[in-house]
Amino acid sequence: MTVDSGQGVERMIPQARTESMQPRLEPMLDLEWSQAIELPRTVASATRPSDIRRAWVHRAPEDLVVALYRASSGMHGEIPAPWWLRAIVDGRLESRELGFRIEDRIAGLLGRRPGWEFVPWAADGESGYWEFMPSERGASGHSIPTTVLNTSGHDGWIDVLPAHSGTTPAPIAVGGFAGLRSRLGEFEAVR
């Protein structure tokens with residue numbers, strides 16, 4: 001009978017992991033936030049912002065949305081999110097519902113005017129934007145049309161990017177819905 005005296009066992013036992021060998025784990029909050037803003041594939045046919053309000057951030061209780069946003073952005077700084085959510089978290093917009101009403105008023109105005117088209121595939125988490133198609137490749141020769149988009153950058157909540165080619169110009173901060181309505185003639189004059 002032979003008895004194994006344990007010699008050579010060291011070669012069979014795996015070494016303890018060192019810090020440099022630890023697996024890298026991504027925070028679950030990143031994944032959870034990504035799923036929270038994910039829109040269904042059907043949004044490509046949307047003709048107004050209300051058509052794309054199908055993500056978790058649009059339907060879940062507002063306090064839960066704000067809490068998840070704060071937790072997620074606390075890890076990495078600014079993260080993709082709708083303009084209205086950033087404004088709510090900054091304490092400058094009262095509610096998600098008010099943000100939806102602002103988007104819907106713009107849709108009601110621009111959706112009835114010839115030449116304006118809604119573009120639903122904005123940056124992750126965003127609410128889409130409006131383009132004035134006659135300003136693209138018209139007499140002025142611009143390759144990028146006049147664009148109306150919502151922003152949390154100021155309390156008017158609306159920016160206009162003038163039609164342009166090449167470097168993107170600074171956005172024009174518009175003083176809310178009334179400001180947009182009063183300046184539409186100016187914005188639509190570029191063709």
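Author: This is a predicted model. Start with Phe132, which has 0% relative accessibility and so counts as buried, the limit being under 20%.

Reader: Which ring pairs with that of Phe132, and how are the planes set?

Author: The partner is Trp116: the ring centres are 5.0 Å apart and the planes meet at 40°, so the pair is tilted. Trp116 belongs to strand S1 (residues 116–119) and Phe132 to strand S2 (residues 129–132), 16 residues apart. Trp116 is also buried, at 7% relative accessible area.

Reader: How many aromatic pairs does the structure hold?

Author: Five. Another of them joins Trp33 and Tyr69, with centres 5.6 Å apart; their planes are at 65°, over the 60 degrees needed, so this pair is edge-to-face. It links distant parts of the chain, as Trp33 lies in helix H1 (residues 28–37) and Tyr69 in helix H3 (residues 62–76). Both residues are buried.

Reader: What sits over the ring of Phe100?

Author: The charged end of Arg53, 4.2 Å from the ring centre.

Reader: What lines the second largest cavity?

Author: Its lining includes Glu103, Ser127, Tyr129 and Trp130. Helix H5 (96–110) and S2 each supply at least two of the lining residues. The volume is about 30 Å³.

How values were computed. Residues are numbered from 1 along each chain as its sequence is written. This is a predicted model: local features need pLDDT of at least 70, side-chain atom pairs count only at pLDDT 80 or more; totals for chains, interfaces and linings use all residues. Side-chain values use heavy atoms; hydrogens and water are left out. Rings of Phe, Tyr and Trp (its six-membered ring) pair if their centres lie within 6.5 Å; planes under 30 degrees apart count as stacked, over 60 as edge-to-face and the rest as tilted. Helices (H or I, at least four residues) and strands (E, at least two) are DSSP runs, numbered from the N terminus. Buried means under 20% relative accessible area, exposed over 50%, partly exposed in between (1.4 Å probe, protein chains only). A charge sits over a ring if NZ of Lys or CZ of Arg is within 6 Å of the ring centre and within 35 degrees of the ring normal. On a 1 Å grid over the protein atoms alone, a cavity is a set of points where a 1.4 Å probe fits but cannot get out, and a pocket is an open set with protein on both sides within 12 Å along at least five of seven lines; lining residues have an atom within 4 Å of a point. Grid points are joined across faces, edges and corners, and a volume is the space filled by probe spheres set on the points.
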